[in-house]
Amino acid sequence: MIPVLLIEHLAGIGGGQTYLIDLVSKLDRSRFCPVVTLVAQGELYDRVAAAGAITEIVDIRSLRRRHPGASLGGILRLVRIIRRHGVRVIHVNSQKALMFALPAGLLTRTPVVWHCHVDRDF
């Protein structure tokens, strides 16, 4: 199985998070092992875990200049998760998650896929 890391930057449930739950529940488990990082425990965490994903908590809500260590800490935590689970692909569906995924992917030489959800009229 190919371990795939899916990174979520919000704690609540909206459109992107519903997509994440749906994706995790429909991945072919004979081919893929979903590892999902979430920012907190709660309903989203419970639903992703119930869909069969390995779940990890990584607080990546902050990209503030005043606290760059918080951002660096989130990136380093992702690096450890990637290495621990042997992640082969990182998947994100938001720009904020991408800001953490790209450096973690570069540090571990793991490809990053950004699934950009854009309105057709954009």
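I will cover the strands, then the salt bridges, then the cavity.

This is a predicted model, in which local features need pLDDT of at least 70 and side-chain atom pairs count only at pLDDT 80 or more, while totals for chains, interfaces and linings use all residues. Residues are numbered from 1 along each chain as its sequence is written, and side-chain values use heavy atoms, with hydrogens and water left out.

Start with strand 2, residues 32–38, where seven of seven residues are buried; buried means under 20% relative accessible area, exposed over 50%, and partly exposed in between, with a 1.4 Å probe and protein chains only. Helices (H or I, at least four residues) and strands (E, at least two) are DSSP runs, numbered from the N terminus. Both faces of strand 2 are covered, with Phe32, Pro34, Val36 and Leu38 on one side and Cys33, Val35 and Thr37 on the other.

Strand 2 runs parallel to strand 1, joined by six bridges, and Val4 stands opposite Pro34. Strand 2 also runs parallel to strand 3, residues 54–57, through four bridges, with Thr37 partnered by Glu56. Two strands pair if DSSP finds at least two bridges between them.

Now the salt bridges: a side-chain nitrogen of Lys or Arg within 4 Å of a carboxyl oxygen of Asp or Glu. The whole structure has four. Asp22 and Lys26 form one, with the closest N and O atoms 3.1 Å apart; both residues lie in helix 1, four residues apart, about one turn. Asp22 is partly exposed at 35%, and Lys26 is exposed at 63%.

What does Arg77 form a salt bridge with? The partner is Glu56, at 3.4 Å between the closest N and O atoms. Arg77 lies in helix 3 (residues 68–85) and Glu56 in strand 3, so the pair ties together parts that are 21 residues apart in sequence. Glu56 is buried at 11%, and Arg77 is partly exposed at 23%. Glu56, Arg77 and Arg84 are linked in a salt-bridge network.

Last, the lining of the largest cavity: Leu6, Ile7, Glu8, Tyr19, Leu20, His91, Val92 and Asn93. Strand 1 (2–7), helix 1 (15–26) and strand 4 (89–92) each give two or more residues to this lining. A cavity is a set of points on a 1 Å grid over the protein atoms alone where a 1.4 Å probe fits but cannot get out, and lining residues have an atom within 4 Å of a point.

Notes:
On a 1 Å grid over the protein atoms alone, a cavity is a set of points where a 1.4 Å probe fits but cannot get out, and a pocket is an open set with protein on both sides within 12 Å along at least five of seven lines; lining residues have an atom within 4 Å of a point.
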